[in-house]
Amino acid sequence: MTVDHKAHPVELAPGVHRIDTPLGDRYASLYILAGDDTALLYDTGVDGTIPDHVLPALDLLGIDATSVTTVVVSHCDVDHFGGVADARAAFANARIVAGPADRAAIEDFDDYLAHRARGLVDDFGWDEDPAVLEWCRSVTRESRLDGTADDGAEVDLGGGRIAVIRAVPGHTRGHVAVDAPWADALLVADAVLGSSVRLADGSPAFPPTYRYVDDYLDTIAALELTDRELLLTAHYPTMRGDRAREFLAESRAFVGRLESLVAVAISRPGGRTLAELVAELNPIAGDWPEHGTQGALAFPVAGHLERLVKSGRAHRAGALGSAAVWAAR
Ligand SMILES: [Zn+2]
């Protein structure tokens, strides 16, 4: 698909509007849930997304910025929270919230670096590409949040439309979804990621960047149980019915495949560091381009190493410089 830079919102169901915004060679979809009285914005994009794309879309919808009373930041990645200061400026009446476990990283860029972007340094000796970190800094303007988006919390938008916050951890610890039961729709952003994240043209960009494997599998199962007709993500086309179910199955199948690849690789003599695993598995684990994608694969591979250790199938066998070496038991 192409990204419409005029950001024409698309109404997918009553009161559920999708706004596609440009993100380099990808796009990020933000959503508006509208009731009779008020509206909720799901995600803020990067710095500039709200003034450049969301406010014009609200104009087209006839929704006044003053009626946006809730902004839910799905999770602590910059393409979702980078615009939080814009949200503060644009929506004077809004309560801006995020999942409790992601709040600190959203409010404080140093916390984001330590616990998210550079979160693999201490345990795995793996650091993010400095150019990526620089880009993350350049697209983010922080703001304090007004509170947390707690699992089960309800937001009454008026006219019988009540949105419900759902905790959907796995990609991050504090990722939250918003359920719109009146529309049979669930806004999930990056909570499930299929077998790759996509470019705007639909081709694979990089691996699914889940981090906490058991949580991610629990989230997939919970979304299957909820079984909403509309599954609305940040970086994929709108999915309905069977397509949504296929995507959830594809997401789970990828987890199984990558775990097998990691288990086999660390069973070879000498074990493997995270960097060695990522270099070895990146060309064979999926259909994304090899160049520039190792940093993304480091997240799920680290998650699988932790899971294999927890289940007694792997252990930390030593170190190579500052990097732990992982081996099968
Ligand atoms: Zn994202």
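Helix 8 and helix 9 are roughly antiparallel to each other (a label for angles over 145 degrees, with under 35 counted as roughly parallel, 65 to 115 as roughly perpendicular and the rest as oblique), because the axes of helix 8 (residues 213-226) and helix 9 (residues 241-266) cross at roughly 160° and come within 10 Å. Helices here are DSSP runs of H or I with at least four residues, and strands are runs of E with at least two, both numbered from the N terminus; axes are lines fitted to C-alpha atoms, for helices over the stretch in contact, and angles run from 0 to 180 degrees between N-to-C directions. The model is predicted, so that local features need pLDDT of at least 70 and side-chain atom pairs count only at pLDDT 80 or more, whereas totals for chains, interfaces and linings use all residues. Residues are numbered from 1 along each chain as its sequence is written, and side-chain values use heavy atoms, with hydrogens and water left out.

The contact between helix 8 and helix 9 (heavy atoms within 4.5 Å) is made by V213, Y216, L217, I220, A221, L223 and E224 of helix 8 and by L248, A249, S251, R252 and V255 of helix 9. By class, this contact has 9 nonpolar, 1 polar and 2 charged residues, where Ala, Val, Leu, Ile, Met, Phe, Trp, Tyr, Cys and Pro count as nonpolar, Asp, Glu, Lys and Arg as charged, and the others, Gly among them, as polar.

Helix 11 (residues 294-310) packs against helix 9 at an angle of about 70°, with the axes 10 Å apart, and the two helices are therefore roughly perpendicular. On helix 9 the contact involves V255, L258, E259, V262, A263 and I266, and on helix 11 it involves L297, P300, V301, H304, L305, R307 and L308; 10 of these residues are nonpolar, 1 is polar and 2 are charged.

Helix 11 also meets helix 8, their axes coming within 8 Å and crossing at roughly 100°, so this pair too is roughly perpendicular. Here V213, D214 and L217 of helix 8 touch G303, H304, R307 and K310 of helix 11, a set that divides into 2 nonpolar, 2 polar and 3 charged residues.

Leaving aside neighbours within four places in sequence, R228 is in contact with D179, P181, D184, A185 and L186.

D190 lies in the loop between strand 11 (185-189) and strand 12 (197-198), and H235 in the loop between strand 14 (230-233) and strand 15 (239-240), so the pair ties together parts that are 45 residues apart in sequence.
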